[in-house]
Amino acid sequence: MALFGRRKKKDEAPVEEPPAPTLPPAPPVDAAGLRSMEDHRAYLLEQVEQLPAFGQLLLDALDLSICEDIESDVDLPGFDNAAMDGYAVHAEDTAGAAEDSPTTLAVVGEIAAGDWSEEPLPPGTAVKIMTGAPVPPGADAVVPYEQTDRGSEDVVITAAVRPGQHIRRRGEDVSEGDLMMRTGERIGPRHIGLLAAIGVDKVMVRPRPRVVVLATGSELAEPGLPLRNPAQLYDSNSYLLAAAARAEGAQVFRVGSVGDDAEAIRQTISDQLVRADLIITTGGVSQGDYDLVKSVMPELGLTDFCQVAMQPGKPQGFGLIGEDRVPMIMLPGNPVSAYVSFEAFVRPVIRKLMGLEPLFRPPVRAIATHLIRSTPGRKQFARGLVTTDPGGRRSVTAVGGHGSHLVSNMARSNALIVLDPDVDVVPAGSPVEVWLLDEPS
Ligand SMILES: Nc1nc2c(c(=O)[nH]1)N[C@H]1C(S)=C(S)[C@@H](COP(=O)(O)OP(=O)(O)OC[C@H]3O[C@@H](n4cnc5c(N)ncnc54)[C@H](O)[C@@H]3O)O[C@H]1N2
Ligand code: MOO
């Protein structure tokens with residue numbers, strides 16, 4: 001019988017539509033409708049996952065984050081060895097030796113770096129030894145060439161040595177089982193040297209996230225090209241954020257700028273999804289008639305636009321875009337707002353994708369050199385210049401005004417002065433929280 005003619009069986013359960021996917025419930029807002037910076041940051045971090053780990057050759061792991069704890073399988077040094085070119089001796093055989101009362105010992109051979117012998121050194125004798133060569137059993141000191149006549153059959157020694165002198169002891173640097181690197185640390189050149197020294201040639205790391213950076217705005221021109229009219233300005237945001245993301249370790253694709261055109265934005269973002277672990281845009285997230293990012297992006301994925309209780313950086317957007325739900329952070333267009341938002345939200349997200357710890361810049365204290373005013377109700381991020389006196393005491397001076405278009409002040413700063421929403425003024429001489437922007441981590 002034709003399907004439509006059949007009666008539905010009584011016990012057949014109705015087919016349920018799967019619920020439409022949504023973002024997790026948004027964090028609460030305050031009386032002014034603003035979300036706290038900390039809540040927004042946690043909300044973004046909750047929705048991005050670390051990139052999968054892979055095995056990488058040691059040298060190519062430079063700047064990546066390690067995702068395993070590495071313990072040493074060996075001692076360093078691996079054996080007692082000579083710290084100087086000279087003669088391995090029993091220290092007691094040199095007792096009393098001096099320029100005017102030298103001691104003479106018979107030389108029984110020579111040990112070069114890389115030679116291995118378990119032959120003990122007979123008392124009353126010496127063996128020539130080169131820096132790094134293993135000290136033979138029984139010998140407990142090395143007399144440097146400079147305190148001898150460099151003899152081959154016999155050696156005349158003109159200075160006494162103490163037991164242990166000029167010997168580098170097995171395990172004095174690293175003992176087997178010592179922790180060399182901890183999960184989440186970034187691998188720098190000195191770590192590469194250490195890991196090679198303990199014989200490691202490959203490590204488990206997380207890849208550099210592929211970060212696509214795009215500015216929006218019809219007023220934007222590409223640096224290097226002429227401005228088409230006096231109301232145009234150069235796109236600095238895509239350069240600033242691309243550089244900041246690269247400095248953090250991301251592989252960056254700077255797409256440049258796209259005009260305030262819904263179709264162009266839709267098309268450009270859709271085209272970039274294939275090569276992105278994260279997309280960052282600037283502009284178009286406020287209240288303006290041409291703020292199209294905010295209106296277009298909900299068509300391409302799950303989005304969240306909100307206002308954050310911070311100054312600058314109030315309008316913010318986030319999305320999981322396309323079928324693969326690529327994270328996208330939509331920052332405000334004012335350059336200082338974009339940069340502060342990068343520090344507050346994008347940097348921690350990049351670090352999470354990379355598996356780097358800690359996610360946030362460690363807050364440190366500095367003494368305000370002058371009175372600093374804030375905007376109550378919003379967390380204030382003022383640009384600051386931190387100096388450190390010889391005693392390690394940090395002071396901070398605000399650089400320029402609050403305007404989020406002031407890029408020259410931003411370039412002169414090396415810190416963000418962070419004032420909580422309940423602070424309206426910081427007297428000169430008081431401690432304030434600062435984020436040091438040039439500290440490697
Ligand atoms: N009526 C309201 N207007 C605005 C509000 C508001 O709450 N109500 N918020 C203000 C705040 S705060 C910010 S921040 C900005 C953010 O606006 P958009 O994200 O929509 O950014 P745009 O309007 O596109 O640009 C703002 C500003 O920045 C310049 N800009 C943009 N992109 C770049 C770039 N790539 N390089 C250099 N400069 C750029 C742009 O020319 C504008 O001057 O909204 C306020 N307005
Ligand atoms: O909050 Mo907007 O980001 O001040 O300039």
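Student: Among contacts in the protein chain between residues at least 6 apart in sequence, what share join residues at least 24 apart?
Tutor: The share is 71%. Keep in mind that this is a predicted model.

Student: How many helices and strands does the protein chain have?
Tutor: It has seven helices and 28 strands. The radius of gyration is 33 Å, while the globule rule gives 22 Å for 441 residues, so the chain is more spread out than a compact globule.

Student: And what does the C-alpha trace span along its principal axes?
Tutor: About 105 × 80 × 45 Å.

Student: What percentage of the residues count as buried?
Tutor: Of the 441 residues, 38% do.

Student: In what sense do strand 13 and strand 16 pair, and over how many bridges?
Tutor: They pair in the parallel sense, over seven bridges. Strand 13 covers residues 210-216. One residue pair to look up: Ala215 has Ser257 in strand 16 as its bridge partner.

Student: Now strand 17. How many of its residues are buried?
Tutor: Five of its five residues are buried.

Student: Which residues sit on which side of strand 17?
Tutor: Leu278, Ile280 and Thr282 are on one side. Ile279 and Thr281 are on the other. Both faces are covered, and each of these residues is buried.

Student: How many bridges does strand 17 make with strand 13, and how many with strand 21?
Tutor: Strand 13 and strand 17 pair over five bridges, in the parallel sense. Four bridges join strand 17 to strand 21, and those two also run parallel.

Student: What stands opposite Ile280?
Tutor: Val213 stands opposite Ile280 on the strand 13 pairing. In strand 21, Ile329 stands opposite Ile280.

Student: How do helix 1 and helix 6 cross?
Tutor: The axes of helix 1 (residues 37-46) and helix 6 come within 10 Å and cross at roughly 30 degrees. The two helices are therefore roughly parallel. Their crossing is right-handed.

Student: Which residues meet there?
Tutor: From helix 1, Met37, His40, Arg41, Leu44 and Leu45. From helix 6, Ala344, Phe345, Pro348, Val349 and Lys352.

Student: What about helix 3 and helix 6: what angle do they pack at?
Tutor: About 30 degrees, with the axes 10 Å apart. That makes helix 3 (residues 237-247) roughly parallel to helix 6. Helix 3 passes helix 6 in a right-handed crossing. Among the contact residues are Leu240, Leu241 and Ala244 of helix 3 and Ala338, Tyr339 and Phe342 of helix 6.

Student: Ala243 is found in helix 3. What does its neighbour count make it?
Tutor: Ala243 has 13 C-beta neighbours inside 10 Å, so it counts as partly exposed.

Student: Last one: Val293. Buried or exposed?
Tutor: Buried, because it has 29 C-beta neighbours inside 10 Å. Val293 is in helix 5 (residues 292-296).

Student: Which residues does Val293 touch, leaving out those up to four places away in sequence?
Tutor: Thr216, Ile265, Thr281, Gly283, Gly284, Val285, Gly317 and Met330. The C-alpha atoms of Val293 and Asp261 are separated by 9.3 Å, and these two are 32 residues apart along the chain.

Notes
Residues are numbered from 1 along each chain as its sequence is written. Chains are lettered from A and ligands numbered from 1 in the order in which they are written. This is a predicted model: local features need pLDDT of at least 70, side-chain atom pairs count only at pLDDT 80 or more; totals for chains, interfaces and linings use all residues. Two strands pair if DSSP finds at least two bridges between them. The radius of gyration is taken over C-alpha atoms; the globule rule is 2.2 Å times the number of residues to the power 0.38. A residue is buried if 20 or more other C-beta atoms lie within 10 Å of its own, exposed if 12 or fewer, and partly exposed in between; C-beta atoms are placed from the backbone. Two residues are in contact if their C-beta atoms, placed from the backbone, lie within 7 Å. Axes are lines fitted to C-alpha atoms, for helices over the stretch in contact, and angles run from 0 to 180 degrees between N-to-C directions. Angles under 35 degrees count as roughly parallel, over 145 as roughly antiparallel, 65 to 115 as roughly perpendicular and the rest as oblique. A crossing is left-handed if the near helix is turned anticlockwise from the far one by less than a right angle, and right-handed if clockwise.
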